[in-house]
Amino acid sequence: MYASLLNPQIVGWSIVVSDRVKTDLQGRTVVVTGASSGIGAAAARRFAERGAEVAVVGRSPERTAALAREIGAQAHLVDYGRLTDVRRLAEELLARYPRIDVLANNAGGFFNSRKESEDGHELTFQVNVLAPFLLTNLLLDRLAEAPDGARVVNTASMDHGKGHLDLDNLNSAGGGYNWRRVYSTAKLATVVLTQELARRTRDTSVTAACFHPGVVASNVARDSTMMRVLMGTRLAKAMMSTPEQGAEPLVHLATTADMSTGNGAYFNRLVHEKSANAQAADAQLAQQLWERSAQLTGLTATPGV
Ligand SMILES: NC(=O)c1ccc[n+]([C@@H]2O[C@H](COP(=O)([O-])OP(=O)(O)OC[C@H]3O[C@@H](n4cnc5c(N)ncnc54)[C@H](O)[C@@H]3O)[C@@H](O)[C@H]2O)c1
């Protein structure tokens, strides 16, 4: 019974994105970050089964190579804790793939205590927001050239509802670090930047969406002792979705034929939802967050308004 509460597909909630999907992905290239485990690995397998050329992007050399070998794909390594590494990855992808049809920004996570990246940014914000923002911008021209239209799918979380963006303190500096609030805020930024990306690319064939994958049994809590213990119990595992179930919305949003009603939107699994967080609908904040993120990642050229 509890499992069905957490698994929309079991109780049969309505699916409001178009159910017309591109099932044959032959000739298409899909980039999946955080693909060495969990939701990303499950999604990468599904894309490969449908014939896509998959760029398996991961941090762990062993796990990334193993998954790439398993699905006959190419492994690409990156550490999102270093923005220079994100730039190197973008160059590697641009050199290797003449077309990119889907960018799944899925890498993410949270940390027990406040850590800073090599670039001096709070690490949760860098890994979940700044690094994928930079990668997306660096790949955007290639995405816009995709012959059948390209899709950016960002893995957000329903936790974004509890986030609060303070443009003057995106670094979560000062005392009282609360990993949950910091993670929720990072995922709120994902929701806000997805909308802003859709707005800034509205004259191109690129569309974007973000989603909550459900509560998924994965390694996402590896850096939080408390969450690792909570998510590791047998009862908790029985209540959670599998990575394959968590990957379903990602694969669907990446391949759904018609995004005209969902461009820039947030989906709770496959249900198009209006966010309960008022900041998610603040267009001025979205514009400012985009500009601030560009500044923090050293981007000089981003799509205009
Ligand atoms: N598991 C859940 O219940 C849940 C719920 C909501 C959202 N999410 C989100 O789903 C996404 C996938 O998580 P998952 O549950 O599959 O967990 P996971 O830990 O298996 O996957 C996270 C991936 O992100 C990668 N990653 C983390 N830090 C990185 C870094 N510094 N550089 C490069 N890659 C890095 C990891 O290597 C891993 O492949 C994350 O964005 C997570 O926040 C998960």
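Guide: Axes here are lines fitted to C-alpha atoms, for helices over the stretch in contact, and angles run from 0 to 180 degrees between N-to-C directions. Please note that this is a predicted model.

Visitor: Fine. At what angle do helix H6 and helix H7 pack, and how far apart are their axes?

Guide: Helix H6 (residues 123-144) packs against helix H7 (residues 179-200) at an angle of about 20°, and their axes are 8 Å apart. Angles under 35 degrees count as roughly parallel, so H6 is roughly parallel to H7.

Visitor: Is the crossing of H6 and H7 left-handed or right-handed?

Guide: The crossing in which H6 passes H7 is right-handed.

Visitor: Which residues meet there?

Guide: From H6 come Thr124, Phe125, Asn128, Val129, Phe133 and Thr136. They meet Val182, Tyr183, Ala186, Lys187, Ala189, Thr190, Leu193 and Leu197 of H7. By class, this contact of H6 with H7 has nine nonpolar residues, four polar and one charged.

Visitor: And H7 with helix H11, what is the angle there?

Guide: H7 and helix H11 (residues 283-296) pack at about 100°, with their axes 9 Å apart. Because angles of 65 to 115 degrees count as roughly perpendicular, H7 is roughly perpendicular to H11. On the H7 side the contact involves Ala189, Val192, Leu193, Gln195 and Glu196. H11 contributes Leu285, Ala286, Gln287, Leu289, Trp290 and Ser293. Seven of the residues in this contact are nonpolar, three are polar and one is charged.

Visitor: Changing topic: how many residues surround the ligand, and which are the closest?

Guide: The ligand is surrounded by 27 residues, the closest being Gly34, Gly38, Tyr80, Gly108 and Ser218. Helix H3 (residues 38-49) gives the most to this shell, namely three residues.

Visitor: Where does Asp79 lie?

Guide: Asp79 is in the loop between strand S3 (74-77) and helix H5 (83-96). Beyond its neighbours within four places in sequence, Asp79 contacts Arg59 and Asp85. Arg59 is 20 residues away along the chain, yet the C-alpha atoms of Asp79 and Arg59 are separated by 5.6 Å.

Visitor: Why does Asp79 count as partly exposed?

Guide: Asp79 has 16 C-beta neighbours inside 10 Å, whereas a buried residue needs 20 or more and an exposed one has 12 or fewer.

Terms used:
Residues numbered from 1 in each chain as written. Predicted model: local features only at pLDDT ≥ 70, side-chain atom pairs only at ≥ 80, totals over all residues. Near = placed C-beta within 6 Å. Helix = DSSP H or I, 4+ residues; strand = E, 2+ residues; numbered from the N terminus. Parallel < 35°, antiparallel > 145°, perpendicular 65-115°, else oblique. Left-handed = near helix turned anticlockwise from the far one by under 90°. Contact = placed C-beta atoms within 7 Å. Nonpolar A, V, L, I, M, F, W, Y, C, P; charged D, E, K, R; others polar.
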